Amino acid sequence: QPSAQPFVPEDHSLPTLRAALPACKGCELYQHATQVVPGVGAARAKLILVGEQPGDQEDLQGQPFVGPAGNILDRVMAELDIDRSKVYVTNAVKHFKFIQRGKFRLHQNPRMSEITACRPWLLAEIDTIHPNVVLCLGASASKSLLGGTFALMRDHGKVLSTPYANQVIATIHPSAILRARDKDSGEQLYQFLRDDLALAWHTAH
Ligand code: URA
Ligand code: SF4
(Lines give C-alpha, C1' and ligand atoms only; values in the text may rest on other atoms or scores of the structure.)
(Ligands and ions follow the chains in the order given, each with its own letter.)
Protein backbone atom coordinates (compact mmCIF):
# COMPACT_ATOMS: atom_id res chain seq x y z
CA GLN A 1 0.00 0.00 0.00
CA PRO A 2 1.19 3.57 -0.73
CA SER A 3 3.44 5.25 1.82
CA ALA A 4 5.77 8.23 2.06
CA GLN A 5 7.96 6.30 4.51
CA PRO A 6 10.76 5.41 2.01
CA PHE A 7 11.08 9.10 1.12
CA VAL A 8 11.28 10.48 4.68
CA PRO A 9 14.90 11.02 5.78
CA GLU A 10 16.10 9.67 9.12
CA ASP A 11 17.11 13.17 10.17
CA HIS A 12 13.81 14.89 10.92
CA SER A 13 15.10 18.46 11.19
CA LEU A 14 12.82 20.86 9.32
CA PRO A 15 15.35 21.92 6.64
CA THR A 16 16.11 18.26 5.89
CA LEU A 17 12.42 17.37 5.67
CA ARG A 18 11.78 20.38 3.43
CA ALA A 19 14.64 19.39 1.13
CA ALA A 20 13.44 15.78 0.84
CA LEU A 21 9.73 16.48 0.41
CA PRO A 22 9.70 17.38 -3.32
CA ALA A 23 11.00 13.92 -4.23
CA CYS A 24 8.09 12.13 -2.56
CA LYS A 25 6.14 9.67 -4.68
CA GLY A 26 4.53 8.02 -1.69
CA CYS A 27 1.10 8.12 -3.32
CA GLU A 28 -0.28 9.26 -6.67
CA LEU A 29 -1.05 12.83 -5.65
CA TYR A 30 2.35 14.24 -6.65
CA GLN A 31 1.50 13.58 -10.31
CA HIS A 32 -0.93 16.44 -10.95
CA ALA A 33 -0.11 19.05 -8.32
CA THR A 34 2.02 22.09 -9.18
CA GLN A 35 4.31 21.53 -6.22
CA VAL A 36 4.45 20.01 -2.78
CA VAL A 37 3.52 22.32 0.11
CA PRO A 38 5.68 21.94 3.23
CA GLY A 39 4.71 23.08 6.70
CA VAL A 40 5.69 26.58 7.80
CA GLY A 41 6.46 28.07 11.19
CA ALA A 42 8.54 27.99 14.31
CA ALA A 43 10.78 24.95 14.80
CA ARG A 44 10.14 25.28 18.54
CA ALA A 45 6.42 25.93 18.30
CA LYS A 46 4.42 24.60 21.25
CA LEU A 47 1.37 24.24 19.03
CA ILE A 48 1.07 22.64 15.58
CA LEU A 49 -2.00 23.26 13.40
CA VAL A 50 -2.72 20.51 10.87
CA GLY A 51 -4.99 21.21 7.91
CA GLU A 52 -6.18 18.78 5.26
CA GLN A 53 -4.19 19.45 2.12
CA PRO A 54 -3.12 22.47 0.05
CA GLY A 55 -5.90 24.23 -1.85
CA ASP A 56 -5.66 25.91 -5.25
CA GLN A 57 -3.78 28.98 -3.96
CA GLU A 58 -1.52 26.95 -1.69
CA ASP A 59 -0.61 24.68 -4.61
CA LEU A 60 0.34 27.70 -6.71
CA GLN A 61 2.19 29.59 -3.96
CA GLY A 62 3.81 26.65 -2.16
CA GLN A 63 2.64 27.78 1.28
CA PRO A 64 -0.09 26.42 3.58
CA PHE A 65 -3.27 28.38 4.32
CA VAL A 66 -2.73 31.38 2.05
CA GLY A 67 -6.12 31.16 0.27
CA PRO A 68 -9.72 31.68 1.48
CA ALA A 69 -9.41 29.11 4.32
CA GLY A 70 -6.21 30.85 5.37
CA ASN A 71 -8.10 34.15 5.57
CA ILE A 72 -10.55 32.61 8.02
CA LEU A 73 -7.68 31.15 10.03
CA ASP A 74 -5.99 34.57 10.12
CA ARG A 75 -9.21 36.16 11.34
CA VAL A 76 -9.63 33.68 14.20
CA MET A 77 -6.00 33.98 15.20
CA ALA A 78 -6.14 37.77 15.15
CA GLU A 79 -9.23 37.65 17.33
CA LEU A 80 -7.36 35.48 19.86
CA ASP A 81 -4.22 37.61 19.55
CA ILE A 82 -2.13 34.64 18.40
CA ASP A 83 0.68 35.41 15.98
CA ARG A 84 1.01 32.90 13.13
CA SER A 85 4.78 32.93 13.55
CA LYS A 86 4.32 31.48 17.06
CA VAL A 87 2.77 28.25 15.75
CA TYR A 88 3.69 25.71 13.09
CA VAL A 89 1.13 25.22 10.31
CA THR A 90 1.08 22.14 8.08
CA ASN A 91 -1.26 19.69 6.34
CA ALA A 92 -2.14 16.01 6.70
CA VAL A 93 -1.59 15.58 2.94
CA LYS A 94 1.15 17.59 1.26
CA HIS A 95 -0.09 17.62 -2.37
CA PHE A 96 -3.29 19.24 -3.73
CA LYS A 97 -5.95 16.74 -4.88
CA PHE A 98 -8.43 18.17 -7.38
CA ILE A 99 -10.49 17.54 -10.48
CA GLN A 100 -10.27 19.91 -13.42
CA ARG A 101 -13.61 21.50 -14.38
CA GLY A 102 -13.03 23.88 -17.26
CA LYS A 103 -10.65 26.50 -15.95
CA PHE A 104 -11.36 25.62 -12.32
CA ARG A 105 -9.62 23.07 -10.17
CA LEU A 106 -12.11 21.66 -7.68
CA HIS A 107 -10.86 20.36 -4.34
CA GLN A 108 -11.35 16.65 -3.73
CA ASN A 109 -11.28 14.98 -0.34
CA PRO A 110 -8.23 12.79 0.10
CA ARG A 111 -8.87 9.09 0.60
CA MET A 112 -7.95 7.41 3.85
CA SER A 113 -5.18 5.59 1.94
CA GLU A 114 -3.71 8.94 0.84
CA ILE A 115 -3.96 10.39 4.34
CA THR A 116 -2.20 7.31 5.70
CA ALA A 117 0.41 7.38 2.94
CA CYS A 118 1.33 10.98 3.76
CA ARG A 119 1.27 10.54 7.55
CA PRO A 120 5.01 9.77 7.89
CA TRP A 121 5.78 13.38 6.90
CA LEU A 122 3.40 14.71 9.53
CA LEU A 123 4.81 12.36 12.16
CA ALA A 124 8.35 13.48 11.29
CA GLU A 125 7.28 17.11 11.77
CA ILE A 126 5.68 16.28 15.12
CA ASP A 127 8.79 14.32 16.11
CA THR A 128 11.22 17.16 15.43
CA ILE A 129 9.08 20.04 16.73
CA HIS A 130 7.86 18.08 19.72
CA PRO A 131 4.92 20.42 20.41
CA ASN A 132 2.78 20.29 23.54
CA VAL A 133 -0.43 20.20 21.48
CA VAL A 134 -1.41 19.24 17.94
CA LEU A 135 -4.66 20.85 16.71
CA CYS A 136 -6.32 18.97 13.83
CA LEU A 137 -8.33 21.26 11.56
CA GLY A 138 -11.17 19.21 10.12
CA ALA A 139 -11.92 15.56 9.42
CA SER A 140 -8.90 14.63 7.33
CA ALA A 141 -6.29 15.75 9.86
CA SER A 142 -8.39 14.14 12.60
CA LYS A 143 -8.49 10.87 10.66
CA SER A 144 -4.72 10.97 10.28
CA LEU A 145 -3.98 11.26 14.00
CA LEU A 146 -7.18 10.04 15.69
CA GLY A 147 -8.32 7.23 13.38
CA GLY A 148 -10.65 6.80 10.44
CA THR A 149 -13.82 6.66 12.52
CA PHE A 150 -13.21 9.79 14.60
CA ALA A 151 -16.46 11.73 15.11
CA LEU A 152 -15.49 15.37 14.70
CA MET A 153 -18.76 17.07 15.62
CA ARG A 154 -19.06 14.90 18.74
CA ASP A 155 -15.47 14.95 19.95
CA HIS A 156 -14.02 18.29 18.86
CA GLY A 157 -12.61 20.50 21.58
CA LYS A 158 -11.36 17.64 23.79
CA VAL A 159 -7.75 17.01 24.75
CA LEU A 160 -7.02 13.49 23.52
CA SER A 161 -3.99 11.26 23.89
CA THR A 162 -2.73 9.28 20.88
CA PRO A 163 0.32 7.14 20.04
CA TYR A 164 1.53 10.01 17.82
CA ALA A 165 1.24 12.90 20.23
CA ASN A 166 0.29 13.22 23.90
CA GLN A 167 -2.23 15.99 23.44
CA VAL A 168 -4.29 16.17 20.27
CA ILE A 169 -7.35 18.37 19.87
CA ALA A 170 -9.66 18.27 16.86
CA THR A 171 -11.73 21.14 15.55
CA ILE A 172 -13.70 22.39 12.57
CA HIS A 173 -11.88 23.12 9.31
CA PRO A 174 -11.95 26.84 8.38
CA SER A 175 -13.42 25.86 4.97
CA ALA A 176 -16.49 24.44 6.71
CA ILE A 177 -17.31 28.00 7.76
CA LEU A 178 -17.11 29.16 4.13
CA ARG A 179 -19.41 26.32 3.07
CA ALA A 180 -21.95 26.77 5.89
CA ARG A 181 -25.63 26.63 4.81
CA ASP A 182 -26.63 29.87 6.47
CA LYS A 183 -25.33 32.67 8.66
CA ASP A 184 -26.28 31.01 11.96
CA SER A 185 -24.55 27.72 11.29
CA GLY A 186 -21.53 29.60 9.94
CA GLU A 187 -21.31 31.58 13.15
CA GLN A 188 -21.64 28.46 15.27
CA LEU A 189 -18.84 26.75 13.37
CA TYR A 190 -16.71 29.87 13.70
CA GLN A 191 -17.22 29.78 17.47
CA PHE A 192 -16.25 26.11 17.61
CA LEU A 193 -13.04 26.90 15.76
CA ARG A 194 -12.29 29.93 17.92
CA ASP A 195 -13.00 28.16 21.23
CA ASP A 196 -11.05 25.03 20.26
CA LEU A 197 -8.07 27.07 19.04
CA ALA A 198 -8.14 29.05 22.30
CA LEU A 199 -8.18 25.77 24.26
CA ALA A 200 -5.30 24.39 22.18
CA TRP A 201 -3.23 27.55 22.63
CA HIS A 202 -3.76 27.71 26.39
CA THR A 203 -3.17 23.98 26.86
CA ALA A 204 0.08 24.30 24.91
CA HIS A 205 1.45 27.32 26.81
N1 URA B 1 -7.02 23.99 3.43
C2 URA B 1 -6.17 23.19 4.12
O3 URA B 1 -6.55 22.24 4.76
N4 URA B 1 -4.89 23.47 4.07
C5 URA B 1 -4.38 24.49 3.40
O6 URA B 1 -3.17 24.67 3.43
C7 URA B 1 -5.29 25.32 2.71
C8 URA B 1 -6.60 25.04 2.73
FE1 SF4 C 1 4.06 12.00 -0.91
FE2 SF4 C 1 2.12 13.01 0.59
FE3 SF4 C 1 2.52 13.95 -1.85
FE4 SF4 C 1 1.47 11.53 -1.53
S5 SF4 C 1 0.53 13.50 -0.92
S6 SF4 C 1 3.12 12.09 -2.94
S7 SF4 C 1 2.56 10.82 0.29
S8 SF4 C 1 3.93 14.11 -0.14
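**Close-up views of the chain**

**View 1. Val36 sits in the loop between helix H1 (14-20) and strand S1 (40-41).** Everything shown here is a predicted model, where local features need pLDDT of at least 70, side-chain atom pairs count only at pLDDT 80 or more, and totals for chains, interfaces and linings use all residues. Residues are numbered from 1 along each chain as its sequence is written, chains are lettered from A and ligands numbered from 1 in the order in which they are written, and side-chain values use heavy atoms, with hydrogens and water left out. Helices (H or I, at least four residues) and strands (E, at least two) are DSSP runs, numbered from the N terminus. Val36 has 11% relative accessibility, so it counts as buried. That label means under 20% relative accessible area, while exposed means over 50% and partly exposed is in between (1.4 Å probe, protein chains only). Not counting residues up to four places away in sequence, Val36 touches Leu21, Pro22, Lys94 and His95. A contact here means heavy atoms within 4.5 Å.

**View 2. Ligand 2 has a shell of residues around it.** Who's in the shell? Ala4, Cys24, Gly26, Cys27, Leu29, Tyr30, Val93, Lys94, His95, Ala117, Cys118 and Trp121. To make the list, a residue needs a heavy atom within 4 Å of the molecule. Sorted by class, that's nine nonpolar, two polar and one charged residues. Ala, Val, Leu, Ile, Met, Phe, Trp, Tyr, Cys and Pro count as nonpolar, Asp, Glu, Lys and Arg as charged, and the others, Gly among them, as polar. The space that ligand 2 takes up is the largest cavity. A cavity is a set of points, on a 1 Å grid over the protein atoms alone, where a 1.4 Å probe fits but cannot get out. A molecule sits in one if more than half of its atoms lie within 2 Å of its grid points.

**View 3. Helix H5 (residues 139-146) has several buried residues.** They are Ser140, Ala141, Ser142, Ser144 and Leu145. What covers them? The cover includes strand S2 (47-51), helix H4 (112-129), strand S6 (133-137), helix H6 (152-155) and strand S7 (168-171). Just past the end of H5, Gly147 takes a positive phi of about 100 degrees.

**View 4. Ser140 gets its own look within helix H5.** With a relative accessible area of 7%, Ser140 is buried. Leaving out residues up to four places away in sequence, Ser140 touches Glu52, Ala92, Pro110 and Ile115.

View 5. At 71% relative accessibility, Asp81 is exposed. Asp81 and Ala198 are 117 residues apart along the chain, and 9.8 Å separates their C-alpha atoms.

**View 6. Gly157 is in the loop between H6 and S7.** Buried, exposed or partly exposed? Gly157 is partly exposed, with a relative accessible area of 27%. Setting aside its neighbours within four places in sequence, Gly157 is in contact with Ile169, Ala170, Asp196 and Leu199. Gly157 and Ala200 are 43 residues apart in sequence, with their C-alpha atoms 8.3 Å apart in space.

**View 7. Stepping back, the chain has eight helices and seven strands.** Its radius of gyration is 16 Å, close to the 17 Å that the globule rule gives for 205 residues, so the chain is as compact as a globular protein of that length. That radius is taken over C-alpha atoms, and the rule is 2.2 Å times the number of residues to the power 0.38. Along the principal axes, the C-alpha atoms fill a box of roughly 45 × 40 × 30 Å. Of the 205 residues, 51% count as buried.

How values were computed. 1 Å grid on protein atoms, 1.4 Å probe; cavity = no way out; pocket = protein on both sides within 12 Å on 5 of 7 lines; lining within 4 Å.
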